[in-house]
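Visitor: Could you walk me through this one? I'd like to look at a few helices, some backbone details and the confidence values.

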Amino acid sequence: MTRSAPGAGTTGAASDIFDAAQAQRRILRVLVASQILSGAGLAAGVTVGALLAQDMLGTTSLAGLPSGLFTAGSALAAVAVGRISQARGRRPGLAAGYFTGAIGSAGVITAAALDNPALLFIALFVYGAGTATNLQARYAGADLAHPNHRARAVSTVLVATTLGGVAGPNLAAPTGDLAETLGVPGLAGPFLLSGAAYALAALVLAVRLRPDPLLMARTLAAEQSGSSATDASPAADHAHEGRGSVVLGALVMILTQLVMVAIMTMTPVHMHDHGHGTAASGLVIAIHIGAMYLPSPVTGWLVDRYGRLKVAAASGLTLLAAGILAAIAPDDSVALLALALALLGLGWNFGLVSGTAIITDAVPLATRAKTQGMVDVSIAIAGATGGLTSGIVVATTSYPILALTGGVLALAILPAIAATASSR
């Protein structure tokens, strides 16, 4: 790629902008390809994880453990991917994360073939690395994006996950048949797809993610500030907005994740307890997942057009509406529950896209990847907390109380936004 020398005046600056724009288009294409693959790997494995554990253990008491192991592995991997990306760039960080997910998939298949529950749980923990990497890829889309287009870049990466996420579960049956022909239990079949998908995603990133978006962003910032690329300081990142914005961005994503997971987790249970079959609950969850990702391009445009804080505030209000509707929906109304879960997914989408943009704006390039990794650890913990406590709340009170509590909790975003806005 032709580069102008630092300090080459207006022409050099224009060339740098052109180079960055060209590189950004290529990077987004590569990230979209890897996200389609990794989305298939993530969805396929998660679809049957609990069923496989139940089948191997012969009991439902530990069937929820795979979700906890995914989350724990995801949290650890978020730290590792963030630190590798900080030290060496997005390409090795993301590729390593997906490759680790592929290893976990292979471990699950081996455990199923050997009927070894201990190995299964270890492998599921390792498999969680794919989840963390899939989420962290959104940051790579924003590294080189113009500040006015960062949210749209994040949204492009997010919506690509949907394509693979839809395909993955639909391939559960054929991959199960393939597994049985190979002498492996059918429920392990989707992990054949997961392993292949994660490995291909790692390969695509390792070979095609050039230039590395984070390293190139540092180089451009260093040239503009006259410092070295490895010493890009906060002053070189003109979007740096301070620690308060980092806390706000993290809080938005943590609260939306906690509320979303808590209500989503117990909705199928609530429906089952009131006589609805798996087809009805499956439809509601499918609508919910679609609302989590499909609106991303529009959300990105709204964030860039109207501002991060307004869309973050909208996430809290949308989640409140979702909680109220879920609480008052008649037990026999699948349509109203589907609408409530659609609003729940949309509120989460508003929070994730706006929160990611806030974090990316606020963190200097010198520490961006490491900070983003730590934020994603907090998001993973919030999701685990929401999932674990939701059952306790419903058991001790009711599903409507859980839904209302989650909606009210989401409103905590609003005073945090007001405090941050008043300090600027």
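Visitor: Which residues of helix α6 are buried?
Guide: Bear in mind throughout that this is a predicted model. In α6, which covers residues 172-181, the buried residues are A172, T175, G176 and A179. Viewed down the axis of α6, these buried residues fall within an arc of 105°, so they line one face of the helix.

Visitor: And what exposed residues does the face turned away from that buried side carry?
Guide: On the face of α6 turned away from its buried side, the exposed residues are A173 and T181. As for the backbone beyond this helix, α6 is followed by G183, which has a positive phi near 80°.

Visitor: Which residue has a positive phi although it is not a glycine?
Guide: That is D115, with a phi of about 55°, and its place is in the loop between α3 (90-114) and α4 (117-142).

Visitor: Switching to peptide bonds, where is there a cis one?
Guide: A cis peptide bond joins R210 and P211, with omega at about 0°, and P211 itself lies in the loop between α7 (189-208) and α8 (213-225).

Visitor: Now S296: is it buried or exposed?
Guide: S296, which is in helix α11 (residues 296-306), has a relative accessibility of 0% and therefore counts as buried. Leaving aside residues up to four places away in sequence, S296 touches S155, L158, V159 and N349.

Visitor: At what angle does α11 pack with α13?
Guide: The angle between α11 and helix α13 (residues 334-362) is about 45°, and their axes are 10 Å apart.

Visitor: Last topic, confidence: what pLDDT does the chain average?
Guide: The protein chain averages a pLDDT of 85, with 86% of the residues scoring at least 70. Confidence is lowest in helix α1 (residues 9-57), where the mean is 75, and highest in helix α12 (residues 308-328), where it is 97. Over residues 1-11 the pLDDT is below 50, and this stretch has 15 contacts in the model beyond near neighbours in sequence.

Visitor: And how many contacts does the model have for residues 227-241?
Guide: For residues 227-241, where pLDDT stays under 50, the model has 29 contacts beyond four places in sequence.

Definitions and conventions
Residues are numbered from 1 along each chain as its sequence is written. This is a predicted model: local features need pLDDT of at least 70, side-chain atom pairs count only at pLDDT 80 or more; totals for chains, interfaces and linings use all residues. Side-chain values use heavy atoms; hydrogens and water are left out. Buried means under 20% relative accessible area, exposed over 50%, partly exposed in between (1.4 Å probe, protein chains only). Helices (H or I, at least four residues) and strands (E, at least two) are DSSP runs, numbered from the N terminus. The arc is that of the directions from the helix axis to the C-beta atoms. Contact means heavy atoms within 4.5 Å. pLDDT is the predictor's confidence in each residue, from 0 to 100. Axes are lines fitted to C-alpha atoms, for helices over the stretch in contact, and angles run from 0 to 180 degrees between N-to-C directions.
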